[in-house]
Amino acid sequence: MPAVTRRSVLLGAAAAAGLSAVGVATGIAAPRRVPVTREEHRVVVIGSGFGGGVTALRLAQAGVPVLVLERGLRWPTGPDAETFPRPLSPDKRIFWLGTAPTIPGIPNVPFERYTGLLERVAGNGMDIMCASGVGGGSLVYQGMTLQPEADVFNATFPQELDYARMDSVYYPRVAAMLRPRVAPDDVVNSKTYAASRIFARNAERAGYAVEKIPMPIDWDFARRELKGEMKPSYTNGDCALGVNNGGKHSVDVTYVAAAEATGRCTVATQHNVTDVVLAPDGRWQVHTDRIGTGGEVLEKKIITTRALVMAAGTAGTTRLLMRAAAKGDIPDMPDDLGANWGSNGDRIYTWTNFADDFGTPQGGPVIYGSKEWDDPATANTVIQASLPPSPNLRTTMLVGYGVSQGRGRFVYDSAKDDAVLQWPKDADKALSERIHTRISRIAGTFGVLLDTTAIAPSTWHPLGGASMGSVCDLAGRVLGHRGLYVLDGALMPGTTAACNPSMTIAAVAERALDELISQDVGTVI
């Protein structure tokens with residue numbers, strides 16, 4: 001067995017917190033005879049995350065029936081539930097048909113194949129972390145709900161998006177659904193939030209502005225935990241792989257639930273899309289496998305639709321479209337398909353502090369952040385995130401992201417029948433160095449930092465691949481292809497303006513749906 005060092009323990013803690021790579025999915029089970037069925041639907045949406053959830057709700061409200069295909073499961077929560085896995089007692093629920101985390105110095109422990117929460121999509125130079133389940137990435141994201149400022153937004157997005165209207169209409173519309181709130185002082189001042197308070201103090205001592213980060217959370221749930229009325233989930237940081245107690249306004253309990261309540265939205269879980277095809281009659285065919293929780297194919301479906309919305313996440317959408325283009329299933333796709341991909345500048349550190357004791361457990365998920373947005377070219381954000389319950393390692397997490405200049409590209413590999421990300425080494429060097437400088441100053445003289453991203457390059461914020469302006473228009477219409485839309489992170493221009501992507505993806509989708517409902521419904525859709 002490889003030696004277990006302090007470094008490997010910290011890497012393991014990073015993985016347990018949902019902040020480093022998980023294992024590659026294992027091979028598909030041997031082929032077996034399964035039925036093939038056909039269906040027709042007016043609109044099909046692939047994916048149920050921020051883009052898919054917005055699309056489903058707004059079309060359903062406009063009277064358009066929608067079928068949402070989701071490869072993963074529903075994850076219902078509630079006080080004292082055990083729906084989600086615990087980070088430090090990992091089990092099959094974490095991994096999408098795969099194995100345990102791949103951590104240097106620690107042997108892999110295989111788990112039973114299961115339609116779990118997370119999948120690592122391996123690339124050359126950078127891996128992508130993908131979520132599965134109704135609600136997509138909102139199930140496992142920490143929850144930072146940040147809106148970019150005008151100067152940074154306008155420096156990274158097309159001017160035609162019109163920031164003034166985004167600011168007055170679409171970002172508020174998202175906020176009304178997700179209901180983000182900053183943590184109340186009585187929670188922040190409680191014993192388990194020492195790490196958050198130390199981060200804020202150190203950042204201010206280093207000369208950086210600090211503010212509370214809006215989170216889509218009902219903080220009364222944390223209060224109830226502190227009173228002993230519920231098992232801890234927020235207040236002990238045990239929420240990196242989903243919040244068991246509920247109270248988190250994720251997409252499944254907001255947008256998707258509201259869409260289903262109209263009676264015009266059907267969510268089909270455990271439907272893993274394998275191919276998308278332009279049919280001879282100009283409609284779209286979606287080839288999907290209905291699978292069991294072990295990945296076994298129970299039924300093959302060919303679903304025909306007038307309008308197909310790709311919202312399978314940056315990696316899922318881009319890979320499906322590139323496979324279709326390479327095999328001739330969708331001819332004449334834009335040349336920039338697969339290009340303009342960015343990591344949003346993600347950097348994830350462990351911070352071991354010999355000057356102060358963070359204590360254990362650490363309350364979460366995120367309380368404070370420090371924005372450095374004055375220069376749009378180098379704008380970045382640094383936040384502190386809790387570790388899940390663990391022995392007292394005097395360690396917590398620091399995360400940075402920002403306006404990244406580096407860009408990668410997906411390239412189709414015929415041997416794999418898949419598109420693989422190609423990421424240039426040091427593509428985000430300037431931004432990474434700026435984030436490192438800021439984090440080092442916050443950690444201080446007696447802080448020891450471990451840059452987990454440098455050791456295992458990966459991102460939780462993949463953006464681009466079917467970007468607006470080169471592959472799609474601003475409403476997500478794929479150029480030259482009537483009835484084909486992209487409304488997820490793949491539509492972004494490789495960055496979301498020094499913010500984590502969730503709120504901007506949803507706001508861009510809200511804007512797009514206004515346009516599509518007024519212009520495409522009744523003609524294309």
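## Helix 2 against helix 12

Helix 2 (residues 50-61) and helix 12 (residues 502-519) pack at an angle of about 30 degrees, and their axes lie 9 Å apart. Axes here are lines fitted to C-alpha atoms, for helices over the stretch in contact, with angles running from 0 to 180 degrees between N-to-C directions. Helices are DSSP runs of H or I with at least four residues, numbered from the N terminus. The two helices are therefore roughly parallel to each other, a label for angles under 35 degrees. Their crossing is right-handed, i.e. the near helix is turned clockwise from the far one by less than a right angle.

On the helix 2 side, the contact (heavy atoms within 4.5 Å) is made by Phe 50, Gly 51, Val 54, Thr 55, Arg 58 and Leu 59. Helix 12 brings Ser 502, Ile 505, Ala 506, Ala 509, Glu 510, Leu 513 and Ile 517. Sorted by class, that's eight nonpolar, three polar and two charged residues. Ala, Val, Leu, Ile, Met, Phe, Trp, Tyr, Cys and Pro count as nonpolar, Asp, Glu, Lys and Arg as charged, and the others, Gly among them, as polar.

## What the model is

This is a predicted model: local features need pLDDT of at least 70 and side-chain atom pairs count only at pLDDT 80 or more, while totals for chains, interfaces and linings use all residues. Numbering starts from 1 along each chain as its sequence is written, and side-chain values use heavy atoms, with hydrogens and water left out.

## Salt bridges

Searching the whole structure turns up 33 salt bridges, each a side-chain nitrogen of Lys or Arg within 4 Å of a carboxyl oxygen of Asp or Glu. Helix 12 shows up here too: Asp 514 in that helix pairs with Arg 173 at 3.1 Å, N to O. Arg 173 sits in helix 4 (residues 163-178), 341 residues apart from Asp 514. Arg 173 has 24% relative accessibility and Asp 514 has 29%, so both count as partly exposed; that class lies between buried (under 20% relative accessible area) and exposed (over 50%), using a 1.4 Å probe and protein chains only.

Asp 127 and Arg 120 also form a salt bridge, with the closest N and O atoms 3.2 Å apart, and both residues are buried. In the Arg 290–Glu 299 bridge, the closest N and O atoms are 2.7 Å apart. Arg 290 is partly exposed at 29% relative accessibility, whereas Glu 299 is buried at 12%. There's a network as well: salt bridges link Asp 473, Arg 477, Arg 511, Glu 515 and Asp 520.

Note on methods. Parallel < 35°, antiparallel > 145°, perpendicular 65-115°, else oblique.
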